[in-house]
Each structure stands twice: as C-alpha cells, then as structure tokens.
Amino acid sequence: MITINYFGNIAEAAQIDSETLDLKSMSLEDLLELLDSKYGIKKFQFQVAVNRKIISTKQGLSLSDRDEIALLPPFSGG
C-alpha cells in the first residue's frame, strides 16, 4: 500500500488529507497521472516528497509498497 498525504489546495480539491492506495508498485509519474484524473492536481503548483524527502517529479522514480508520498504546496521561509 502507498500512502498519499495532501496539503493546501490539493487537500481542498481532494476533500481529504490522506489516503492509502492498494498498490504494490507504480512509477511516480503514473501515480501523479492517476491523482490528476481523480482530483485535477496538475492545475496546482506543488512539490512531491517521497518518504519525507523532497524529490524532482522528473526523476522517473519507482514507488513501492509502504512508500509515503506528500503533495506539498509552495512555501516560503521567514
């Protein structure tokens, strides 16, 4: 299972803060396509964290069982 945590505008669009998908493996790109078809996430700016590490969505990363994904809105320091 892959856990996805939503924050900011994406959480509002999905109307949930998190969900667990019964997937054993999937590419990050395919997961983002799936989430876009469900919630229209591509219209938002966001970063992706996999297992609490922010990564590039262009990495071609393969996700596996027990991975935790977070879709994070833009943020700034102060």
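How many nonpolar, polar and charged residues does the lining of the largest pocket have? By class, that lining has four nonpolar, two polar and three charged residues, where Ala, Val, Leu, Ile, Met, Phe, Trp, Tyr, Cys and Pro count as nonpolar, Asp, Glu, Lys and Arg as charged, and the others, Gly among them, as polar. This is a predicted model, in which local features need pLDDT of at least 70 and side-chain atom pairs pLDDT 80 or more, while totals for chains, interfaces and linings use all residues. Residues are numbered from 1 along each chain as its sequence is written, and side-chain values use heavy atoms, with hydrogens and water left out.

The residues lining the pocket are Glu29, Leu32, Glu33, Lys42, Phe46, Gln47, Val48, Ile55 and Thr57. A pocket is an open set of points on a 1 Å grid over the protein atoms alone, where a 1.4 Å probe fits, with protein on both sides within 12 Å along at least five of seven lines; lining residues have an atom within 4 Å of a point. Its space is about 180 Å³, a volume filled by probe spheres set on points joined across faces, edges and corners. Helix H2 gives the largest share of the lining, three residues.

Five strands form an open, mixed sheet in the order S2-S1-S7-S4-S5. Strands are DSSP runs (E, at least two residues), as are helices (H or I, at least four), numbered from the N terminus; two strands pair if DSSP finds at least two bridges between them. S4 (residues 47-50) and S7 (residues 68-72) run antiparallel, joined by four bridges; Ala49 has Ala70 in S7 as its bridge partner.
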